[in-house]
Amino acid sequence: MSSRATISSMSTYAILGCGSVGHAVAEELVERGKDVLIVDKDESRVEALRDQDLNAQQADIRDEAVAELVAERDVVLIMSSDIDANEAAVRNIRSQNEEQFVVVRASDPVTSDELTELGADVVINPSSVIADASLRALESGELEYKARQLSDVIDATSDRMAIVTHDNPDPDSISSAVALRAIAEHLGVDADILYFGDIGHQENRAFVNLLDIELTPYEDVDIDDYDTVALIDPAKAGELQVDAQVDIFIDHYESGGEVDAEFVDVRPNVSSTSTILTKYIQEFDLSVSEEVATALLYGIRAETLDFRRDTTPADLTAAAYLYPFANHDVLEQVESPNMSPETLDVLAEAITNREVQGSHLVSNAGFIRDREALGQAAQQLLNLEGITTTVCFGIVEDTIFLSARSKDIRMNIGKVLQDAFSEIGEAAGHSTQASAEIPLGIFTGIEISDENRDTLLSLTEEAVRRKLFDAMGVDVEAEPAASNGN
């Protein structure tokens, strides 16, 4: 049926069965300037429609003659509440014409399937339509209510507001913080974005620099100087040591424990916190700036792997809203940054030390300076032929850091790291991306020195590899390992 005209080009309609639903559709189509023919078997209803200057004819929509009557119409809408009559009408129309666009009313999922099999292009189940409309109204009302709550908390700020991102913030966390700061400024409140750790990933550094996003290390301020504190996108970083009462908590991941904050908005049904903040930008009716739109769009794209991972309709509609306001030249520069020498060194070390069991790769990058380089190495190694899961680990001072990536739909790499290391360190992530931190002393109990570095590295490597492959369910003795580039 690919030869049919598109809906936007259609101008002639027939409505078969004109109860309250059909009448409402007919009035809307006429209002839009469409040529509408109404067919109904109720004589008094047809007369009433004619009194309203509508083109109506009396006939039983079951009759084969009705299919001939509407044969020249671009679209046929079968709106009767009598489902048996609707099925007969579809059957008659399809026996004569395969090209007309047919929309038909059903009563339940079973009749929906039957009408589709008869050849209907679109089947409408009124109860589903009402349910969908009710849910949309509920979501809209809930967002309006939550926006009022958020506004009340921000308005209560007498001096400044602190917006705290998670440890070593990623684009979603930074973008969400930028949006919340814009909302605060819209409400007349000054806000600072604070972060723990480092902004080490080269794309993240490029993102912050190109958009000139002002961020302040958490340790450089006294949190007591702020009378409102917001935590943004913190759950996947584990517990953050914020030495103050948290007033605002927004995330798209469920927190591991109970959240003690005046305002809480956690939505695991969306794939990025940037999506949540985009909805608030719209609800507050802000004139979104290029900086905020670009940041939020990049946050959504980064968190969903450019809409390839766990993307929801809400993520797509948020991105569509932001797209016209964003600076796409900046986005292109952010997504194609130069690789730093440190990252190249880590990647080279990870390639050399890789061990492969089946489609799973684990590699030790040794002693490193930039922990963010581990994530980039893990992502690059995922491109190797036959590899579906990668874990790269390295030692920074007295801590082992791990970064994992997976495209294996059978495996949740976040759960793998949780199973392997949650009892001896901190692990967080989801099905395709995860990270972990483990105190080096857990494995060795020995303090690092120049004399024992290599020994510690060897002990750590053996223990980490074994725990990782065990958590993945891989029997390392069952098949030979490919390691050291072989």
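Predicted model: local features only at pLDDT ≥ 70, side-chain atom pairs only at ≥ 80, totals over all residues.
**Close-up 1**
Strands β17 and β18 run antiparallel and are joined by four bridges. Look for the three residues that sit between the two strands of this hairpin.

**Close-up 1. The largest pocket and its lining.**
Here we turn to the pocket that takes in parts of the hairpin strands. Its volume is about 1400 Å³. The lining of this largest pocket counts 48 residues, and those nearest its centre are His-201, Gly-375, Gln-379, Arg-405 and Gln-433. Which element gives the most to the lining? Helix α14 does, with six residues. Sorted by class, the lining holds 18 polar, 16 charged and 14 nonpolar residues.

**Close-up 2. An open sheet of six parallel strands.**
Follow the strands across this view in the order β3-β2-β1-β4-β5-β6; they form an open sheet with parallel pairing. At its edges stand β3 (55-58) and β6, each with a single partner strand, so one side of each has no neighbour in the sheet. On average, neighbouring strands of this sheet are turned by 15° against each other, direction ignored. Within the sheet, β1 (residues 12-16) pairs with β4 in the parallel sense over four bridges. A handy landmark for this pair is Leu-16, which stands opposite Ile-78 in β4.

**Close-up 3. Strand β5 and its two partners.**
Is strand β5 (residues 101-105) largely enclosed or open? Four of its five residues are buried, so the rest of the structure largely encloses this strand. With β4 (residues 75-78), strand β5 pairs in the parallel sense over four bridges, and Val-103 in β5 is the bridge partner of Leu-77. With β6 (residues 122-124), strand β5 again pairs in the parallel sense, over three bridges. There, Arg-105 has Ile-124 in β6 as its bridge partner.

Helix α4 (residues 83-96) belongs to a right-handed β-α-β unit with β4 and β5. Helix α5 (residues 109-118) makes another right-handed β-α-β unit with β5 and β6. Zoom in on Leu-115, which lies in helix α5. Leu-115 counts as buried because its relative accessibility is 0%. Between Leu-115 and Val-90, the C-alpha to C-alpha distance is 7.5 Å, although the two are 25 residues apart in sequence.

**Close-up 4. A further open sheet of six strands.**
This view shows the sheet with the order β9-β8-β7-β10-β11-β12, an open arrangement of six strands with parallel pairing. Its edges are β9 (216-217) and β12 (263-266); each has a single partner strand, so one side of each is left without a neighbour in the sheet.

Methods:
Residues numbered from 1 in each chain as written. Heavy atoms only, no water. Buried < 20%, exposed > 50% of the residue type's maximum accessible area, 1.4 Å probe, protein only. Pairing = 2+ DSSP bridges. Right-handed = clockwise from strand over helix to strand, strands pointing away. 1 Å grid on protein atoms, 1.4 Å probe; cavity = no way out; pocket = protein on both sides within 12 Å on 5 of 7 lines; lining within 4 Å. Points joined across faces, edges and corners; volume = space filled by probe spheres on them. Nonpolar A, V, L, I, M, F, W, Y, C, P; charged D, E, K, R; others polar. Axes fitted to C-alpha atoms, helices over the stretch in contact; angles between N-to-C directions.
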